[in-house]
Amino acid sequence: MYYLLHKGKGVCEIQISETPFLLYHSAKARASIMENMTGALVAVGGRRITIMKKIPEYFGCKVFDDREMKANLSAKVYQSLRKTIDEGAKLDITVANSVAAAMKDWAVAHGATHYTHWFQPLTGITAEKHDSFISPSPAGGVIMEFSGKELIKGEPDASSFPSGGLRATFEARGYTAWDPTSYAFVKGKTLCIPTAFCSYGGEALDKKTPLLRSMKALNKQALRILRLFGNKDVKYVSTSVGPEQEYFLITKEMYDQRRDLRFTGRTLFGAKPPKGQEMDDHYFGVIKPRVEAYMEDLNKELWKLGILAKTEHNEVAPAQHELAPVYTTTNIATDHNQLTMEIMQKVAAKHGLACLLHEKPFAGVNGSGKHNNWSISTDSGVNLLSPGDTPYENAQFLLFLCAVIKAVDDYQDLLRLSVATAGNDHRLGANEAPPAVVSIFLGDELNAVLEAIEKDIPYAGTQKTQMKLGVDVLPKFNRDTTDRNRTSPFAFTGNKFEFRMLGSSNSIACANIMLNSAVAESLRIYADRLEKAEDFETALHAMIRKTIQDHKNIIFNGNGYDESWIQEATQKRGLLNYRTTADCMPHLLDKKNVEMLTSHKVFSEAELRSRCEIMLENYCKTIIIEANTMTEMVQTEIAPAVSAYSLELSKTAAAKKALDAKIACSYEKDLVSRLSGLTDEMAVKREELIQALSEVQQAENVIQESAMIRDEVLAKMEELRAVCDQAEILTAKAYWPFPTYGDILFSVR
């Protein structure tokens with residue numbers, strides 16, 4: 001926002017980029033000046049005139065992006081930095097010093113007083129430690145300084161972040177290292193520098209470092225393949241991602257009244273409301289004014305940070321919405337998605353709302369996912385997963401397609417565990433998310449192409465079908481040769497794959513690390529064979545055909561929600577079905593997975609062991625917190641509320657009897673009896689849950705602990721919830737201690 005404040009006749013103060021200055025003009029002249037300066041005069045109200053710049057003018061205004069680097073760095077420094085970014089060339093310290101000085105000046109001009117190395121530890125959220133730019137001046141006072149050394153390296157306390165045994169408590173030193181491929185940005189009064197995070201011994205303690213390693217591994221193997229096809233000009237290959245983000249918006253007032261939402265991010269109790277998503281009236285429905293205002297402010301904040309927020313709409317469940325960005329390089333997309341989740345919650349608070357990012361905040365309605373749209377492209381802009389008009393004749397595309405098919409089949413377990421969390425376990429397999437069984441959807445056209453290659457028969461091609469809607473005024477257009485399949489975990493959608501299994505609060509780093517690494521392994525195997533082939537064309541055709549024959553079991557174009565598919569997948573096709581985090585996470589350490597990930601130098605074996613430990617610990621801690629929250633809410637809120645209502649019913653019955661002894665009071669007596677039985681059952685189920693939690697403490701290791709939680713604690717939680725939800729249905733609304741599902745899901749108008 002840009003403000004013009006009246007100071008007197010013909011005098012005004014105009015504020016641009018937080019720097020005020022005075023202009024002396026008539027009102028008409030002032031309006032003309034501002035319109036030319038900012039591009040759009042939005043509103044005039046009383047003593048304030050509000051002006052908003054056009055989107056292209058303020059997009060990325062808080063990012064030290066390529067435009068700013070060109071403008072603020074010398075040509076020599078800029079070219080050297082671009083070589084580091086684009087080709088991975090070593091960063092010279094003199095270049096770092098020049099970049100630091102320019103970055104500091106730019107940040108200070110945008111109101112920054114501090115800087116931070118912004119990184120992504122294994123907590124699942126971001127971390128930052130702020131240092132000011134000030135340094136003491138010899139003559140007294142301070143000067144604003146920022147060196148290349150400070151830009152390149154920071155030293156946070158590594159012992160206070162999850163390390164899975166990589167670091168002991170007394171081994172505190174850790175390092176953050178600048179990632180020059182992801183632009184720095186200003187958030188509030190702080191310059192945020194995207195960085196990697198490692199231990200004193202060099203082990204990765206974050207999600208950024210392995211992600212960059214996986215991108216490097218895929219680039220190396222993809223270039224080998226492209227060279228075999230005679231492409232000598234491509235300098236690098238990178239993956240791009242566009243993560244669609246689903247979320248719920250509820251009123252902050254309702255959120256504050258629910259202890260379970262505050263402590264765990266999801267409701268642990270809640271009876272089904274009379275109306276949920278049955279009418280399909282929320283999906284793509286008219287966006288409510290309060291939500292629209294939120295989305296408008298959210299877009300502005302994201303656009304200022306250079307985040308390409310593109311699409312917004314209502315999702316299936318009441319109070320559920322989605323935001324989708326334009327694709328960008330995977331590590332930048334990962335940074336942007338972490339920022340998006342943070343800003344979603346901050347903007348919501350300004351609107352008196354709470355943004356819920358849990359995968360299943362409400363039982364009985366759809367949960368929230370994050371669809372990871374993934375593709376591979378060259379530096380010249382060629383999408384290697386684009387089939388073109390004649391995919392049957394596009395051998396390069398077919399080889400990269402087969403590499404993905406082979407990767408997904410060979411490493412189903414890695415893809416499944418890359419999205420495994422306690423929250424996502426509630427969502428996968430329900431009727432709004434893919435099943436826990438990994439499969440690939442290719443569609444009719446590609447399926448026909450691969451079938452023709454497998455059987456070594458001519459491919460007839462797919463005819464274009466013109467859509468005729470029966471009304472002359474409506475346009476005619478060709479139907480796509482392939483439908484979409486929202487039940488598939490891994491679906492081809494034209495020139496990319498949509499990995500639909502991620503949960504809404506997940507970092508997209510984990511899924512893309514495994515996907516990049518698995519595809520790199522397929523390409524390595526192909527390159528090793530083709531480089532030694534006597535006849536490239538013959539070997540290429542044979543390899544594509546053999547891949548289809550060996551891995552066609554992973555391809556499924558049908559309904560992933562159908563129970564018969566799960567039986568077919570597991571019993572006939574031999575596909576994996578890991579229902580929970582406790583089931584799949586230990587397989588990270590399977591021999592084939594360790595060998596693949598260490599051979600491409602994405603992880604060391606020690607780093608893999610640490611991540612298995614950390615993810616299982618997170619799973620256990622999450623559910624233990626939920627279970628403790630449940631027992632507390634039952635003891636201090638639900639049981640007292642039900643008892644108070646039972647007492648009131650008893651008093652009502654007694655009062656009726658006092659008026660007329662013949663009155664049966666059957667309604668009150670029956671209800672008191674039922675509620676009394678439920679409170680007794682609550683007490684029993686609560687104690688059983690507490691007992692299950694105490695037994696978990698006897699586990700000898702985290703794998704055993706996670707299995708006990710999966711088998712015992714979760715079952716006891718469901719039993720306790722069922723009793724409490726039944727009590728909610730029978731208890732008068734005035735006595736129920738917190739907002740119900742009906743209150744919450746329809747609270748934002």
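**Helices, cores and contacts in a predicted model**

Q: In which helix is the place of Glu-718?
A: This is a predicted model, so keep that in mind throughout. Glu-718 has its place along residues 702–730, and that stretch is helix H23.

Q: Does Glu-718 count as buried, partly exposed or exposed?
A: The relative accessibility of Glu-718 comes out at 49%. Buried would need under 20% and exposed over 50%. So Glu-718 counts as partly exposed.

Q: What separates the C-alpha atoms of Glu-718 and Lys-685?
A: Along the chain, Glu-718 and Lys-685 are 33 residues apart.

Q: Which residues touch the most other members of the largest nonpolar core?
A: As background, nonpolar side chains in soluble globular proteins tend to be buried together. Here the largest nonpolar core holds 121 residues, and helix H21 (residues 605–659) gives the largest share of this core, 15 residues. The members that touch the most others are Leu-442, Val-519 and Val-713.

Q: Which residues does Val-713 touch, not counting residues up to four places away in sequence?
A: Val-713 is one of the core residues that touch the most other members. With residues up to four places away in sequence left out, Val-713 touches Ile-623, Ala-627, Leu-689, Ala-692, Leu-693, Val-696 and Met-708.

Q: How many residues are in the second, separate core?
A: Leu-298, Ala-309, Leu-323 and Leu-353 are among the members of this second core. Its residue count is 27.

Q: Are H7 and H12 roughly parallel or roughly antiparallel?
A: Helix H7 (residues 208–228) and helix H12 (residues 395–410) pack at about 150°, with axes 11 Å apart. Angles over 145 degrees count as roughly antiparallel. So H7 and H12 are roughly antiparallel.

Q: What are the classes of the residues in the contact of H7 with H12?
A: The crossing of these two helices is right-handed. Ala-222, Ile-225 and Leu-226 of H7 make the contact with Gln-396, Leu-399 and Phe-400 of H12. By class that gives five nonpolar, one polar and no charged residues.

Q: How is H7 oriented to H11, roughly parallel or roughly antiparallel?
A: H7 also packs with helix H11 (residues 330–350), at an angle of about 155° and with the axes 10 Å apart. The cut-off for roughly antiparallel is over 145 degrees. That makes H7, relative to H11, roughly antiparallel.

Q: How many charged residues does the contact of H7 with H11 have?
A: On the H7 side are Lys-208, Leu-211, Leu-212 and Met-215, and they meet Thr-330, Asn-331, Thr-334 and Asp-335 in H11. Sorted by class, there are three nonpolar and three polar residues, and the charged ones number two.

Q: Are H16 and H20 roughly parallel or roughly perpendicular?
A: Helix H16 (residues 509–531) packs with helix H20 (residues 591–599) at about 85°, axes 10 Å apart. Met-514, Ser-517, Ala-518 and Glu-521 of H16 make the contact with Met-596, Leu-597 and Ser-599 of H20. Angles from 65 to 115 degrees count as roughly perpendicular, so H16 and H20 are roughly perpendicular.

Q: Is Ser-418 buried or exposed?
A: Ser-418 sits in the loop between helix H13 (412–417) and helix H14 (422–425). Leaving out residues up to four places away in sequence, Ser-418 touches Phe-499, Cys-510, Ala-511 and Met-514. The relative accessible area of Ser-418 is 9%, and the cut-off is under 20%, so Ser-418 is buried.

Q: What percentage of the residues of the protein chain count as buried?
A: The protein chain has 24 helices and 25 strands. Out of its 749 residues, the share that counts as buried is 52%.

Conventions: Residues are numbered from 1 along each chain as its sequence is written. This is a predicted model: local features need pLDDT of at least 70, side-chain atom pairs count only at pLDDT 80 or more; totals for chains, interfaces and linings use all residues. Side-chain values use heavy atoms; hydrogens and water are left out. Axes are lines fitted to C-alpha atoms, for helices over the stretch in contact, and angles run from 0 to 180 degrees between N-to-C directions. Helices (H or I, at least four residues) and strands (E, at least two) are DSSP runs, numbered from the N terminus. Angles under 35 degrees count as roughly parallel, over 145 as roughly antiparallel, 65 to 115 as roughly perpendicular and the rest as oblique. A crossing is left-handed if the near helix is turned anticlockwise from the far one by less than a right angle, and right-handed if clockwise. Contact means heavy atoms within 4.5 Å. Ala, Val, Leu, Ile, Met, Phe, Trp, Tyr, Cys and Pro count as nonpolar, Asp, Glu, Lys and Arg as charged, and the others, Gly among them, as polar. Buried means under 20% relative accessible area, exposed over 50%, partly exposed in between (1.4 Å probe, protein chains only). A nonpolar core is a set of buried Ala, Val, Leu, Ile, Met, Phe, Trp, Tyr and Cys residues joined through side-chain atoms within 4.5 Å.
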